[in-house]
Amino acid sequence: MSANDTAHEHESFIKTPKQLVVVGVLAFVLPVSLIIMLAQFVLSTAGTDQAGATSEATMARIKPVAEITVAAAGAEGAVRTGEEIVKAVCSACHATGAAGAPKIGDKGAWGPRLAAGLNGLLQSATKGKGAMPPKGGATDLSDYELARAIVYMANQSGGSLKEPPAPKAAAAKK
Ligand code: HEC
């Protein structure tokens, strides 16, 4: 009797075409999604090492750059360009000619000074001259930065000075 009931229940499970469609779709979708999930699981398990290695390799590739950047920034602050320094520091006097500073762009005022050459100008700018304080008051400037600022300013004013090589390149050559 109970066997009969089970058979009956089983037979009566799919009653309508709609149920048939649902069962048919499930019969197709379930195995397929199982296979997909399995494949993803296997791939992700197998890929863990690879993914780890890749991200480690990526870190290794990124790291030196970051270290160099930090080291460079830490050692002397980011090296500023001549233009940046002039705008931030020197133009306070040299843009307007305040305190008798040779004005940027004033070829007449710069002409005789340019004769001293970059080294001469660098020396007087480092020590200070007349109303100009040493390094224009920005004592944190490296010689290299100060030289670049002078080159920028002088070349805005009729000069044709060459930027000195970066100190690191010079040190590496020695
Ligand atoms: C506080 C004002 C002031 C600031 C800031 C200043 N200067 Fe000057 N600078 C002067 C004055 C004034 C002179 C003219 C000095 C003289 O000939 O008596 C001068 C002259 C110079 C000269 C010519 C030196 C020479 O031998 O004739 C150079 C080069 C120079 N400055 C570079 C700079 C640079 C680079 C900066 C920025 C880092 C700077 N100055 C910032 C006031 C200033």
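In this predicted model, a polar atom in the side chain of K129 lies 3.1 Å from an oxygen atom of the ligand. S124 also points a polar side-chain atom towards the ligand: here the distance to a ligand oxygen atom is 2.5 Å.

Now widen your view to the whole shell around the ligand. It is made up of 24 residues, and the closest of them are C90, C93, H94, S124 and M132. What classes of residue does the shell around the ligand have? There are 16 nonpolar residues, together with five polar and three charged ones. To see where the shell comes from, follow the helices: α3 (82–94), α4 (107–114), α5 (117–127) and α6 each contribute at least two residues. As for the space that holds the ligand, it is the largest pocket.

One of those helices, α6, runs through residues 143–155 and includes R148. Is R148 buried or exposed? Its relative accessibility is 13%, and because residues under 20% count as buried, R148 belongs in that group. Look for its contacts and you will find V79, R80, T81, G82 and E163, once residues up to four places away in sequence are set aside.

Next, let us turn to the backbone. Most residues other than glycine have a negative phi. Keep that in mind as you look at A99, which is not a glycine and yet has a positive phi of about 60 degrees. Where is the place of A99? You will find A99 in the loop that joins α3 and α4. With a relative accessible area of 65%, A99 is exposed, because the cut-off for that label is over 50%.

Is K135 buried or exposed? K135 has 15% relative accessibility, so it counts as buried.

Conventions:
Residues numbered from 1 in each chain as written. Predicted model: local features only at pLDDT ≥ 70, side-chain atom pairs only at ≥ 80, totals over all residues. Heavy atoms only, no water. Helix = DSSP H or I, 4+ residues; strand = E, 2+ residues; numbered from the N terminus. Buried < 20%, exposed > 50% of the residue type's maximum accessible area, 1.4 Å probe, protein only. Contact = heavy atoms within 4.5 Å. Near = heavy atom within 4 Å. Polar contact = N/O pair within 3.5 Å; in protein donor to acceptor, adjacent residues only side chain to side chain. 1 Å grid on protein atoms, 1.4 Å probe; cavity = no way out; pocket = protein on both sides within 12 Å on 5 of 7 lines; lining within 4 Å. Sits in = over half its atoms within 2 Å of the grid points. Nonpolar A, V, L, I, M, F, W, Y, C, P; charged D, E, K, R; others polar.
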